[in-house]
Amino acid sequence: MGGGVFARFDEVIQIEALTHNKFSDGGDSGSVILTPNGKPGGLLFAGTKTGGSLGHGITFANPLDIVLNDLNLDLVI
């Protein structure tokens, strides 16, 4: 490969808004993302300003159960 950094992310959630509004914005990293039924499901870690089927960006999150397990934490609601 050429120069630069290569990273591989496994088991990442990719989210696109279904409307013309962005799903996330700069500064949202660390936010908990809720599933459609209102339960915590992911931890937002990155997003793009463009891309996706509507061109409004893509948001990336780690599954919350994996984050909690890896950090040996329990979620208290």
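User: What share of the 77 residues in the protein chain is buried?

Analyst: In this predicted model, buried residues make up 18% of the 77 residues in the protein chain. The term applies to a residue with under 20% relative accessible area.

User: Why is Ser 24 called buried?

Analyst: Ser 24 has a relative accessibility of 13%. The cut-off for buried is under 20%, and Ser 24 therefore counts as buried. Ser 24 is located in the loop between S1 and S2.

User: What makes Thr 59 count as buried?

Analyst: The relative accessibility of Thr 59 is 2%. Because buried means under 20%, Thr 59 counts as buried. This residue belongs to strand S4.

User: How do you know that a polar contact joins the side chains of Ser 24 and Thr 59?

Analyst: The contact between the two side chains is 2.6 Å. A polar contact requires a pair of N or O atoms within 3.5 Å, one able to donate a hydrogen and the other to accept it. The pair Ser 24 and Thr 59 is therefore listed as a polar contact at 2.6 Å.

User: Which residues line the largest cavity?

Analyst: Ser 24 and Thr 59 are both in the lining, together with Ile 15, Glu 16, Ala 17, Lys 22, Phe 23, Thr 48, His 56, Gly 57 and Ile 58. The lining divides into 4 nonpolar, 5 polar and 2 charged residues.

User: How many cavities of 30 Å³ or more does a search of the whole structure find?

Analyst: The search finds 1 such cavity. The largest cavity holds about 60 Å³ of space. It is called a cavity because a 1.4 Å probe fits at its points but cannot get out.

User: What is the order of elements in the protein chain?

Analyst: The chain has 1 helix and 4 strands, and from the N terminus the elements run β-β-β-β-α. The C-alpha atoms fill a box of roughly 40 × 35 × 20 Å along the principal axes.

User: In what order do the strands of the open sheet lie?

Analyst: The 4 strands are arranged as S1-S4-S3-S2, with antiparallel pairing. Strand S1 (13-15) and strand S2 (32-34) each have a single partner strand, so they stand at the edges, with one side of each lacking a neighbour in the sheet. From one strand to the next, the twist averages 45°.

User: Why is Glu 11 called exposed?

Analyst: Its relative accessible area is 59%. Exposed means over 50%, so Glu 11 is exposed.

User: Where is Asn 72 placed, and why is Asn 72 called exposed?

Analyst: Asn 72 is in the segment after helix H1 (64-70). Its relative accessible area is 72%; the cut-off is over 50%, and Asn 72 is therefore exposed. Asn 72 also has a positive phi of about 55° although it is not a glycine.

Technical notes: Residues are numbered from 1 along each chain as its sequence is written. This is a predicted model: local features need pLDDT of at least 70, side-chain atom pairs count only at pLDDT 80 or more; totals for chains, interfaces and linings use all residues. Side-chain values use heavy atoms; hydrogens and water are left out. On a 1 Å grid over the protein atoms alone, a cavity is a set of points where a 1.4 Å probe fits but cannot get out, and a pocket is an open set with protein on both sides within 12 Å along at least five of seven lines; lining residues have an atom within 4 Å of a point. Grid points are joined across faces, edges and corners, and a volume is the space filled by probe spheres set on the points. Ala, Val, Leu, Ile, Met, Phe, Trp, Tyr, Cys and Pro count as nonpolar, Asp, Glu, Lys and Arg as charged, and the others, Gly among them, as polar. Two strands pair if DSSP finds at least two bridges between them. Helices (H or I, at least four residues) and strands (E, at least two) are DSSP runs, numbered from the N terminus. Axes are lines fitted to C-alpha atoms, for helices over the stretch in contact, and angles run from 0 to 180 degrees between N-to-C directions. Buried means under 20% relative accessible area, exposed over 50%, partly exposed in between (1.4 Å probe, protein chains only).
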